[in-house]
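Hi everyone, thanks for coming. Let me put the model up on the screen, and then we can walk through the ligand site together.

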Amino acid sequence: MYAERLRSTLPALRDRIAAVCARAGRDPAEVTLVAVTKTHPLEAIDAAVEAGLTDLGENRVSELLQKAAARPGGVRWHMIGHLQRRKAPELIGVADLIQSVDTVRLGERLSRKAQELGVEVGILAQVNTSGEASKGGFGSEREGPFDAPATLSEILALSELPGLRLEGLMTMAPFVHDEAVLRPSFSRLRELSEHLRCADPSIGTTLSMGMTNDLDLAIEEGSTMLRIGTALFGPRPT
Ligand SMILES: *Cc1c(COP(=O)(O)O)cnc(C)c1O
């Protein structure tokens, strides 16, 4: 079922990405597609890999670990969901990019484990660029703007932690269709990345933004990494 679905959804998605890139004067090769397999069975993973998708995203630690153990090799695993400090270190050595690092304390926990295992792990700093109280990320508990000096220095501190490689930033836009709300939450992430990289050029250029609902605007605003579930696999099983 998943294989058949991907035969139509993946080319359609690639066409859509290519069309937006053409309009925006961007090269589609700059935009990595992360297929979000959360809650879908292993069959979805097999179909995705068979279709040539190499980057897969999960939002729960236990589910990512189980799936990665069942399908070792050939997949780059992305952690995209909220992380508890206690469980997060289990990802080290398994997840290739931990996109949802939203506090320095969580980063410190991951850093300790990475050093223990003698590995380096890629991370993104998740930033709350929308001001929505329900969303996590740097800047979320502050009254002030997401780019307050305190937030900037926290992300810079994250980039100093040994064993971690800060590859860039991630954000989740509000689940709305209003362009006037969506566009700024993406452009803010891009501007924040530029500020941070002035202060610390070792920070990577990845901007993980754009989901099924808002990928066109995200690409127009500079996304280099889309996290797409529904447009590829259909509605998630509940
Ligand atoms: C589920 C999820 C996605 C994918 O959402 P779709 O709307 O199904 O494309 C992307 N990012 C995060 C953080 C998610 O939790």
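So, which side chain has an N or O atom 2.6 Å from an oxygen atom of the ligand? That is Thr-212, a polar contact, meaning a pair of N or O atoms within 3.5 Å.

Quick housekeeping: this is a predicted model, where local features need pLDDT of at least 70, side-chain atom pairs count only at pLDDT 80 or more, and totals for chains, interfaces and linings use all residues. Residues are numbered from 1 along each chain as its sequence is written, and side-chain values use heavy atoms, with hydrogens and water left out.

Arg-236 places a side-chain N or O atom 2.8 Å from a ligand oxygen, while a polar side-chain atom of Arg-227 is 2.9 Å from a ligand nitrogen. Of the 390 Å² of accessible area that the ligand has on its own, the protein covers 93% (Shrake-Rupley method, 1.4 Å probe).

Who else is around it? The surrounding residues, each with a heavy atom within 4 Å, include Val-36, Lys-38, Ile-80, Met-172 and Met-211. By type, the shell has five nonpolar, three polar and three charged residues; here Ala, Val, Leu, Ile, Met, Phe, Trp, Tyr, Cys and Pro count as nonpolar, Asp, Glu, Lys and Arg as charged, and the others, Gly among them, as polar.

One last stop: Asn-213. A polar atom of the Asn-213 side chain lies 2.9 Å from the backbone oxygen of Val-176. Thanks, happy to take questions!

Key: A polar contact is a pair of N or O atoms within 3.5 Å; within protein, one must be able to donate a hydrogen and the other to accept it, and residues adjacent in sequence count only if both atoms are side-chain atoms.
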